[in-house]
Amino acid sequence: MSHDDARGVISVKNGVFDISWNKLGCESNFFEVNRTMGKMTAGLEGMFVRNPIWVRPQNRSVISGHPLGGCSMGESGEDGVVNHAGQVFDGNTNKLMDGLLVVDGSIVPRPVGCNPSLTISMLAERCVRLLAIRESWTIDYDTFKPLVQPNN
């Protein structure tokens with residue numbers, strides 16, 4: 001897991017999504033990760049094998065199991081799609097669209113450098129908690145107690 005420079009561009013060409021990313025996988029962090037993994041493997045008396053797909057630069061690709069961005073958080077519609085609570089801005093204004101929320105990984109504005117599952121979950125839970133507060137709803141947290149209580 002690592003950061004990338006987020007230089008990729010997604011566009012639609014002739015009705016088909018196109019992803020273009022100049023020099024994909026050539027950022028220095030990819031090489032540093034390989035060097036570090038090689039050192040760790042040597043320390044464990046193992047043999048580090050680089051990803052064989054990456055031997056030829058034209059074959060490089062990266063994987064994202066958790067696409068981030070697309071509806072990024074911002075202070076207003078000028079610099080984001082949603083606010084800190086997942087509420088959607090109405091265009092390039094500070095006005096919010098009533099009742100419309102985005103609470104998934106798309107609100108994370110950039111790669112976080114680790115598996116983002118817990119970050120996405122925390123943001124979704126926070127957005128729902130803030131919605132409940134705004135709407136004066138109550139959440140019965142006792143319902144969600146673990147089934148097995150730890151021994152003290």
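These are my notebook entries on a predicted model of a single chain.

**Entry 1. Overall layout**

I began with the secondary structure and found two helices and four strands in the chain. Read from the N terminus, the order of elements is β-β-α-β-β-α. I then looked up burial: of the 152 residues in the chain, 21% are buried. For contacts between residues at least 6 apart in sequence, I noted that 40% join residues at least 24 apart.

**Entry 2. The hairpin of β1 and β2**

I turned to strand β1, residues 9–13, which pairs with β2 in the antiparallel sense over five bridges. One pairing I recorded is that of S11 with D18, its bridge partner in β2. The two strands form a hairpin with two residues between them.

Is β2 largely in the open or buried? I checked its five residues, 16–20, and the number buried is zero, so the strand lies largely in the open.

In the loop between β1 and β2 I located N14. Its phi is positive, near 55°, and N14 is not a glycine. I noted this value because most residues other than glycine have a negative phi. N14 is also exposed, with a relative accessible area of 82%.

**Entry 3. Helix α1**

I tested the length of helix α1, which covers residues 28–43. Its 16 residues should span 22 Å at 1.5 Å a residue, and I found the end C-alpha atoms 23 Å apart, which agrees. Just after this helix, E45 takes a positive phi of about 60°.

**Entry 4. The hairpin of β3 and β4**

I next examined strand β3, residues 87–89, and found it paired with β4 in the antiparallel sense over two bridges. F89 has L96 of β4 as its bridge partner. This hairpin has six residues between its strands, and G91 takes a positive phi near 70° there.

**Entry 5. The loop between β4 and α2**

Two residues of this loop were looked up. The first entry concerns S106, placed in the loop between β4 (96–101) and α2 (117–135). Is S106 buried or exposed? Its relative accessibility is 14%, and since buried means under 20%, S106 counts as buried. Its side chain makes a polar contact of 2.5 Å with that of D104. Setting aside neighbours within four places in sequence, I listed P67, L68, G69, G70, C71 and S72 as the residues in contact with S106. One of these, C71, has a relative accessibility of 22% and counts as partly exposed.

N115 lies in the loop between β4 and α2 as well. I found N115 partly exposed, at a relative accessible area of 37%. Its side chain is joined to that of S117 by a polar contact of 2.8 Å.

**Entry 6. Helix α2**

I repeated the length test on α2, which has 19 residues. From first C-alpha to last, α2 reaches 27 Å, close to the 27 Å expected at 1.5 Å a residue. Which residues of α2 are buried? I recorded I120, L123, A124, C127, L130, L131 and A132. The buried residues of this helix pack against β4.

After α2 comes S136, with a positive phi near 60°, and S136 is not a glycine. S136 is exposed, its relative accessible area being 65%.

**Entry 7. The nonpolar core and the cysteines**

How many residues does the largest nonpolar core have? I found seven: V82, V88, V102, I107, V108, L123 and C127. L123 and C127 are also among the buried residues I had listed for α2.

Not counting residues up to four places away in sequence, C127 touches H84, A85, G86, V103 and I107. I107 is also a member of the largest nonpolar core.

Finally, I searched the whole structure for disulfides and found zero.

Technical notes: Residues are numbered from 1 along each chain as its sequence is written. This is a predicted model: local features need pLDDT of at least 70, side-chain atom pairs count only at pLDDT 80 or more; totals for chains, interfaces and linings use all residues. Side-chain values use heavy atoms; hydrogens and water are left out. The expected span of a helix is 1.5 Å times one less than its number of residues. Buried means under 20% relative accessible area, exposed over 50%, partly exposed in between (1.4 Å probe, protein chains only). A polar contact is a pair of N or O atoms within 3.5 Å; within protein, one must be able to donate a hydrogen and the other to accept it, and residues adjacent in sequence count only if both atoms are side-chain atoms. Contact means heavy atoms within 4.5 Å. A nonpolar core is a set of buried Ala, Val, Leu, Ile, Met, Phe, Trp, Tyr and Cys residues joined through side-chain atoms within 4.5 Å. Two strands pair if DSSP finds at least two bridges between them. A disulfide is a pair of cysteine sulfur atoms within 2.5 Å.
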